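I opened the notebook to look up pockets, salt bridges and surface features, in that order. The entries follow the structure shown here.

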Amino acid sequence: MTDFIIAVQSVWNDSGLVAYTWQHAVMTLVGIILIYLAFVKEFEPLLLGPIAFGCILANLPKNGFEEGVFALIHAGIQFEIFPPLIFMGVGAMTDFGPLLANPKTLLLGAAAQIGVFVALGGAMFLGFTAPQAAAIGIIGGADGPTSIYLASKLAPELLGAIAVAAYSYMSLVPLIQPPIMKLFTTASDRKIVMEQLRPVSHFEKVVFPIVATIAISLLLPSITALLGMLMFGNLINESGVTARLSDTAQNALMNTVTIFLALGTGCTMSAEHFLNLQTLEIIGLGLVAFIFGTAGGVIFGKIMYMIDGKTNPLIGSAGVSAVPMAARVSQIVGSKANPANFLLMHAMGPNVAGVIGTAVAAGTMLAMLSAAGFAK
């Protein structure tokens, strides 16, 4: 009988139950709520689902994640492997044609980055360090891979909160953006019909990713991995002779890396790192960044209309880099105001520019922090 009691006691001591706290229970509940949002409400299920399950796994004590497959997944995030691979897939799936057909929409993507720097200032005001503030600010770009990339470099202790905020706001684009778009536009603004875009040649589509990679990477070397993979993915898609590579980047590889990146991100959401006031501040600052980014794009769209008399300000909201969801929202809001409006392809210009703009904003902050001695 004594041996049986000792055996039971040993099992109990080795179990996770002995170390399971109310904080772990709360984070497990957070994971279950995120699963509900992902699979029932369909808020970015491909990303939010694995993140949610990773959150549950991270809050099971004595999980042994220091070795094995989860150690490799963590290394993929820590050593900045997964975000560039995701960018390669995004590049392969993205058509830069609308941006090339109407290059001035690049300015709309740049204007939408104002939210990044507003949130950066807000984070500094709340007492975050400069590297932490920079990592938080990039949430406003609505670009999950760039947010993870920058957080892993500057503030790995905040990675879970930053990733969840970034992907949550990406999934909530259809809910958050329309009220802001309507607030900064009039009914007549939203009814503006834009002219059809000019055809873009195959030569232009092939040359652009090469030139953009060289020019931007020479200016901001710290984002060469992200931008280079984005442009390489686009190049193999536009070349016309590497269909198999493009297909792999868009599908098999993209899906595989998404699973590992999202699951690994969720595994950073342990109660010790996530359940604190900083997390609420990060989520709040992320919302501020996203609101200002959307507003900045729309306001600059109005300025552009005053100059050229052709731009519907609604496409400015697509300057955040939630591709292609933000462009679809521009189309939806515009078509409700005027059924003759077909803004989707026009909005893809600033939407693609937003992807580049967010990467450039991240590179700019890395360069500034490096000059100030805060980053490598």
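Entry 1, the largest pocket. I sorted the residues of the lining of the largest pocket by class and got 25 nonpolar, seven polar and five charged. Here Ala, Val, Leu, Ile, Met, Phe, Trp, Tyr, Cys and Pro count as nonpolar, Asp, Glu, Lys and Arg as charged, and the others, Gly among them, as polar. The model is predicted, so local features need pLDDT of at least 70 and side-chain atom pairs count only at pLDDT 80 or more, while totals for chains, interfaces and linings use all residues. Residues are numbered from 1 along each chain as its sequence is written, and side-chain values use heavy atoms, with hydrogens and water left out.

I noted how a pocket is found: on a 1 Å grid over the protein atoms alone, it is an open set of points where a 1.4 Å probe fits, with protein on both sides within 12 Å along at least five of seven lines, and lining residues have an atom within 4 Å of a point. The largest pocket has a volume of about 840 Å³, a volume being the space filled by probe spheres set on the points, which are joined across faces, edges and corners. Its lining has 37 residues, and Glu44, Met93, Met254, Val323 and Pro324 lie nearest the centre. Helix α17 gives the most to this lining, five residues. Helices are DSSP runs (H or I, at least four residues), numbered from the N terminus.

I read a volume of about 540 Å³ for the second largest pocket. Which residues lie nearest its centre? They are His74, Gly264, Cys267, Thr268 and His273, out of 23 lining residues. Helix α4 gives the most to the lining, with six residues. By class I found 12 nonpolar, nine polar and two charged residues.

Another salt bridge is between Lys302 and Asp189, whose closest N and O atoms are 2.5 Å apart. Lys302 sits in helix α19 and Asp189 in helix α13, 113 residues apart. Is Asp189 buried or exposed? Asp189 is buried, because its relative accessible area is 8%, and the cut-offs are under 20% for buried, over 50% for exposed and partly exposed in between (1.4 Å probe, protein chains only). Lys302, at 25%, is partly exposed.

Entry 4, the surface. I found a nonpolar patch of about 360 Å² made by Ile114, Leu287, Val288, Ile291 and Phe292. Patch residues have over 30% relative accessible area and no salt bridge; nonpolar side chains (Val, Leu, Ile, Met, Phe, Trp, Tyr) are joined within 5 Å, like charges within 9 Å. Four residues of the patch, the largest share, come from helix α19. Phe292 counts as partly exposed because its relative accessibility is 39%.

I also checked Ile307, found in helix α19. Ile307 counts as exposed, since its relative accessibility is 72%.

Conventions: Areas by Shrake-Rupley, 256 points an atom, 1.4 Å probe, with all protein chains shown as cover. Salt bridge = Lys/Arg side-chain N within 4 Å of Asp/Glu carboxyl O. Helix = DSSP H or I, 4+ residues; strand = E, 2+ residues; numbered from the N terminus.
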